[in-house]
Each structure stands twice: as structure tokens, then as C-alpha cells.
Amino acid sequence: MIEDAIDLLVFIAFIGLLYLLASSFLSAPLEKEKMVIKHNLEELRYEYILTVMLKSKVENETMFDLTFRAKDDKEAWEKWKKGFSRFSSYFKDGVIVIDGIVVFKEGKFIEGWSTKPGSVIKILPVKKKFFINGKEHTIEFYIEFEYAEHLDLNI
Amino acid sequence: MTSPYATAKKYIFWTIFSIVLLTAVFSFVSLINRIKTNLATFPDELKEEIIAYRFLFSCFGDELGVIDLKRFTNETLNQCYPTESTKDFNFALKLSKAKRQIVGKNFYWSEDRTITLPVIVKDNNKEYVDNLIIYIRRPI
């Protein structure tokens, strides 16, 4: 009787293991595919929001014009903050980087234009590149995974 | 001749074995069904979001993300995205600051999902940033 009970237990454990294996093998590629599509949709969404933000105006000046003047012009920076505040709820979980410098992080503006983003793991990176008077400018948005300056990550 | 004890033991064993086997079969069937459901529902999210983006690109304005308030009407919505019945994806749109809401011909409340995105609203000579709330009703 005990032997039969052990046989039965082994059988149940085998079926359980088979079920676990089947469920992970069958759903893993599907989940991966789903993640890729979701990721791309998110990228598309942030690309759109960033475009609208740059197109919007503050006192007859576009946010695009203000974005690259704000670094050297205090008045432009104040206007930029005012204009950006209308969109901050969309970006509150991420980081905005202009010309390689963090200007908005964790829902707050970074004053002083001195924080460099360093090497970080970037999720959902949306990058826009512009040439103004022959000089390259960038505006980036990404969700930061963690700061990892000690690692040489170039993601 | 087999003893009654051995016969009883055999019956108990096979009864439990059958229950376990049946449970296993049902679990595998439900697993396959779950995967099938996953496969079927996800494209809905993709499809509805792609349709929703047309309201930002060309329906109510000539530029990406710009809505001309004069064109933000039920008629424009129905022309831009005509639907046959509730078996299609149906939409209702609301501009929160402008306090204007338009509803597709076959849209019936309540919504299955909402997407909120910023837009630039042009109202005569005025121009301001607003939030466009897109209410999505999936095929019934």
C-alpha cells in the first residue's frame, strides 16, 4: 500500500513538473513578443508627446526655440519650465536630457544645468536630433533603470 | 484467487490515478486556452492604439497633434473613422480643457480602455495645450 502511495505521489509530481515546463515553454515566446510590441508602442507614444511638446508655444515662442536657448538664457529657461509643466505629468516617471544634460528628473526640474546623466541603463529611449546653425542638438527622454556609473554600460 | 483486500487496493489506486490524470488533462487544455486567449486579445490593444493615433494625425487638423476646434465634431469623427456596428472598434473623444466631447456613431458607454495624450488646440486665434482623452470600446 505504501509503495502504491509513493508511486502515485511520484506520478503527481511528474505531471506537475510537466505542466510547469509546458506552461513556461509555451508562454515565454509569446510574452517576449508582447513585451517588444508594448515597448514599441510606448516609444511611439513618447515620441508623439515629445513632438507636441516641442511644437507648443509659450508667449508666442515655440518650445523648440526655447529648448536650446534655455541653457544660456535664464529668461528662456523660466519660460521653458512654464511650457514644460503642461506636459510634466506625462514625463514624471522619466528623465529629460537636453544636449547631454539632465533637466527634468523624478518630476522635478534640475536647476543649474550641471548634472550629467552618466552611464545609465535606459529604458524606452526616445531621442530627437536637430541641427541649429550647423551645431548638433539633442533632446532625449528615457526611463532610468538604475544609475550604474561604475559599470561600462553603453545601452 | 485475489484477496478482497488486493481488489480494493487496486480500485482505490486506479480511482486516484484517474482523478490525477483527468486533472492533468483539464489543466493542459486550460493552459492551451489561456495562451490562445492571450494571442487573441493582445492584437486588440495594438489595433485600437493604431486606430486611435489617426485622431492625432489627420482627422481634426492639418498637422500632427494639432486639433482645430471647429473641426472637432461628431460628423468629422464619423467621416474620419466610419464604423458599421458595435462589432468594430468604436471611439469617443474628449478635450478636457475645451470641455468638448464627441462620440462615434456606434459607441456605447462604457469604455473598455482610455488613452490620454496631449494636443494643441486651435480655437480661432487662440492656441493652447489640452489633453485628449480617447475612450475605446472594443468589438462586442
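The model is predicted: local features need pLDDT of at least 70, side-chain atom pairs count only at pLDDT 80 or more, and totals for chains, interfaces and linings use all residues. Residues are numbered from 1 along each chain as its sequence is written, with chains lettered from A and ligands numbered from 1 in the order in which they are written.

**Confidence.** Chain B averages 86, and 96% of its residues score at least 70. For the complex, the predictor gives an ipTM of 0.73 and a pTM of 0.74.

**The strands.** Select residues 126-137 of chain B: this is strand β5. Helices (H or I, at least four residues) and strands (E, at least two) are DSSP runs, numbered from the N terminus. Strands pair if DSSP finds at least two bridges between them.

Pick B:Ile115; its bridge partner in β5(B) is B:Ile134.

Next, β2(B), residues 90-95, pairs with β5(B) in the antiparallel sense over 6 bridges. B:Leu95 has B:Leu132 as its bridge partner.

**The interface.** Show both chains. 24 residues of chain B contact 25 of chain A (C-beta atoms, placed from the backbone, within 7 Å). On the chain B side, α1 (4-59), β4 and β5 each supply at least two residues. α1(B) gives the most, 16 residues.

Methods
Two residues are in contact if their C-beta atoms, placed from the backbone, lie within 7 Å. pLDDT is the predictor's confidence in each residue, from 0 to 100.
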